[in-house]
Structures are given as C-alpha cells and as structure tokens.
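Subject: Structure handover and notes

Dear colleague,

I am passing on the structure we spoke about, so that you can look through it alongside my notes. Please open it before reading further.

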Amino acid sequence: MQLDQASTEQLREWESALSAEYEQYQAADLSLDLTRGKPSGEQLSLSDSILDVLGNDLGNDGNIDLRNYGGLDGISECKRLFAPVLGVAEDEILIGGNSSLTLMYFAVLFASQMGFGDLGPAWKSGGKPVKFLCPVPGYDRHFAVCEHLGIDMIPVAMNDDGPDMDQVEALVKADTSIKGIWCVPRFSNPTGIVYSDAVVERIAKLATVAGNNFRVFWDNAYAVHSLSDSAPQLASLMAAAKQAGTADSVYLFGSTSKITYAGAGVAFVGMSAANLKAFSKHLGMTQIGPDKINQLRHVRLLKDSDGLTKHMRQHADVLKPRFDIVLKHLKDGIGDSGLLSWTAPEGGYFISVDTLPGLAKQVVAMAADAGVKLTPAGATFPYGKDPEDRNIRIAPSVPSLEEIDRAMQVFVNCVKLASVRQRLA
Ligand code: PLP
C-alpha cells in the first residue's frame, strides 16, 4: 500500500475495505490491553521460590540481625550482586527499598532543594525554574517527577545510538540553568535503543561543559533485560566519568522490578563515594533502613552474576515470542509502505512506533473504540505533548500470545485506515 502513488479511486477502495474490517473488530467486543509495561504472571512466577528461599536462615556476611532497624546502605552481599549491573564498585552502591523511581525522585528533590553536601549547593537559577533535558520519546514518570518539582523540561531528539549529543552539548553550553538530563541507556523506554560507547563517553563529559552541579540521571531500569545473548552491551558510565574527572556528576539507578517481583523487589543507586555519603544523609531523614530481609532473599534467589543471567534468560524466553508477534504484524501488515516506522528492540519492555504526522491520537482512539487499549498518545513526551502527534508505545509483556496477535491485527488496521482517511481528506 503506497499512499502517495495511489489514485483517489484506489484510496476510496482501500478505505471501504479497511472500514469494513474495522467494523468487524468493533462488533467483536474485544477487550485487549497493550498499555502496561509490567511483567506478566508467567514472568513473576519465575521468582516464586523467593518466598521460600530463606526458610528461617537469616545468616548474612555482616552477621547483622536483619530483623532490626539500620543498614541504610543495604547488605554487602546484595551490593556485590548488583554493583556490576550498574557498572560501579561495591562502595559506590546503595541498596534501598522496592522502587528505583523513589530513589530518583529523592535524588532530584535533594539536589534541587538541599544540594549534595560539599559537592554542590541546591540548584539555583536566579529565581527561575531550573531545567532538565528530556530525550524523546521517553519515560512519562521521569517527566512527571520534573513537573512535580517545578523543573522545566526541554525535549531533545533521540537517535538510534542515544540522545542527539550535538544538540545536548549545544543546549547545556548555552544555558547554565540546565541542571540535568534523563537517560534510559539500555533498551530505552520506549524505543529500546542502547546508547553507543561514543554517546556514553560524551554524556560522561557533559559536566565539563554544563553549568555548576549538572547531573546525569542514568536510569538503567533494563540493564540486564535482553531478549538474546547477542544484544548490545552498554559501556560503564561511571568508568567513563572517572576518566573524565566527572564522577560526581552521575547518578545511576536500577531495580529488580522486572527481574523478580514488580513492587516487591529491591532498588539501587550508584554514585561516587562522596555523593553516596551526602545522599545517605538526606535519605536517613526519610527512613531508618530498608527491608534487608528482602535484600537477602534476592541474593539467595539470584546468587551471583551467572545466576542473574540465567534468570533473565527465562524472562527472555517468555518475552521474545511476544515481541516477535508484534514485529511480524508490523512487517507483514505495514511493511515498507511508509505508513509507520518502528523499532525492533533487542531487550526491554517496549516497541515504539511513529505514525504519519498527526495520526497517533487518532490511531489510539480508533483502537480503543475497537476494544484495544494503547498507552495514550503523547505520554512519551514532556507535558504529554508530542509536537508531531506521531509516537505510540506498544507494551506486549502482559497479554497472551493470542491476545497480542488479535490486538495487532486491529492496530495495523487502524494505522492503515487512519492513514488512508488522512490522505483522502
Ligand atoms: N524506570 C523506567 C525506565 C521504567 O520503565 C520503570 C517502570 O516501568 C521504572 C523506572 C520503575 O522502576 P521501579 O519499579 O524500580 O520504581
């Protein structure tokens, strides 16, 4: 289907056939959902032995009574397990509670309101709001944190190898009120791209060209979430930052939300030892210590890096066929017609698609009307505004293979029908 070469008559024929198909979907009373970037029941079950793995043996490296308060920075065997996930040393990681988003929120809050100890005062911008760079499309909750804390957001373009670094560097050089950048560096939410070594190196050097107290928020939520063993690796930001003399400018985050149980896992943050000290001082105002028993459970379940890799292969076995179905429908149904472009991620939880300009909202609305729920168009942009109204995030982890198959038939039909109608109009 090549719209730009089609006659009006041909377009009308397509419109009528696609409408008839669409009406059949509407009549079928479907209830399908491609919105939720969370693990399926099948994935959660992979970790069920975590419930029994402790028995009543709470023995641990530090001989700590894990049932009691304390240990704000987490237990040492858990640091040993997760420090390599972030690419930091064991004395550069804090293991917290169940949510990395909480740690990110606190990091932005502490930096903006209180500063990080001797490393820098609170962000100031002559009474005006400070700003963050937001590679787009991106993760809506990052944008929500900024909005909640009164931080202005500047979208920057995302390429196949990470944010457009020429644009990023030019912006931070020109405006010292830009104090941060959000990054999801491996299997980015939602495009699934992995930052190249060259991009990691340039990000590590940003603090040398930005204003005072510039910080990189490195949300490595999908650090070990590859769909195959051949997926691209990510260079260590901390190593590059040490090389560049900017180790204090990077904060790295991760969690087991999509490794074990979402909402009942452990989260962690990697920082220079000096930053960690300052961060812990603030964090200590909010809690006396994390759930160390859950931390030990995670170590007993996953054991070490090899154990973690094996565990994640089981997740990949569940996820990969789901990604494959989505991609097969896009390839067979849309192909090289130019009606849609999409990413084919090698890991993570999402596939990102771009419709023709001005159609994303309409496609999402049409799909909803035919019983297929999609993430609202615009959600992947700051303030919910996709200037070209093109991007849609597809999350295939939760529905069954049959449900994805059906939902993608509807989706492809909606994309084609909306595109033909736009052309006719
Ligand atoms: N960061 C990204 C990029 C995510 O996609 C998600 C969840 O979808 C999170 C963070 C949430 O992480 P947590 O459950 O550790 O708060």
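What follows is a short account of the domains, the interface between them, the ligand surroundings and the salt bridges.

Please keep in mind throughout that this is a predicted model. The protein chain is divided into two parts, with domain 1 made up of the segments 3-43 and 309-424, while domain 2 covers residues 58-303. Taken over C-alpha atoms, the centres of domain 1 and domain 2 are 31 Å apart.

Turning to the interface, 27 residues of domain 1 are in contact with 32 residues of domain 2, and the area buried between domain 1 and domain 2 comes to about 2,400 Å², with carbon and sulfur atoms giving 64% of it. On the domain 1 side, M312, E346 and Y383 together supply 26% of the area that this domain buries against domain 2, which is more than any other three residues supply.

As for polar interactions across the interface, ten residue pairs are in polar contact between domain 1 and domain 2, and one salt bridge is found there. The side chains of R313 and D229 meet in a salt bridge, with an N to O distance of 3.1 Å. Where does the side of domain 1 that touches domain 2 come from? At least two residues each are supplied by α12 (305-333), β11 (351-355) and β13 (391-394), and the largest share, eight residues, comes from α12. By residue class, this side of domain 1 divides into 13 nonpolar, nine polar and five charged residues.

The ligand is surrounded by 13 residues, of which S100, D219, Y222, S257 and K258 are the closest. In the side chain of S257, an N or O atom is 2.6 Å from a ligand oxygen atom; a polar side-chain atom of S255 lies 2.7 Å from an oxygen atom of the ligand; and for L101 a polar backbone atom is 3.0 Å from a ligand oxygen atom.

Finally, a search of the whole structure finds 15 salt bridges, including one between R421 and E15, whose closest N and O atoms are 2.7 Å apart. Because R421 lies in helix α14 (residues 401-424) and E15 in helix α1 (residues 8-27), this pair ties together parts that are 406 residues apart in sequence.

With best wishes

Terms used
Residues numbered from 1 in each chain as written. Predicted model: local features only at pLDDT ≥ 70, side-chain atom pairs only at ≥ 80, totals over all residues. Heavy atoms only, no water. Domains from an automatic or database assignment. Contact = heavy atoms within 4.5 Å. Buried area = accessible area lost by both parts, 1.4 Å probe. Salt bridge = Lys/Arg side-chain N within 4 Å of Asp/Glu carboxyl O. Polar contact = N/O pair within 3.5 Å; in protein donor to acceptor, adjacent residues only side chain to side chain. Helix = DSSP H or I, 4+ residues; strand = E, 2+ residues; numbered from the N terminus. Nonpolar A, V, L, I, M, F, W, Y, C, P; charged D, E, K, R; others polar. Near = heavy atom within 4 Å.
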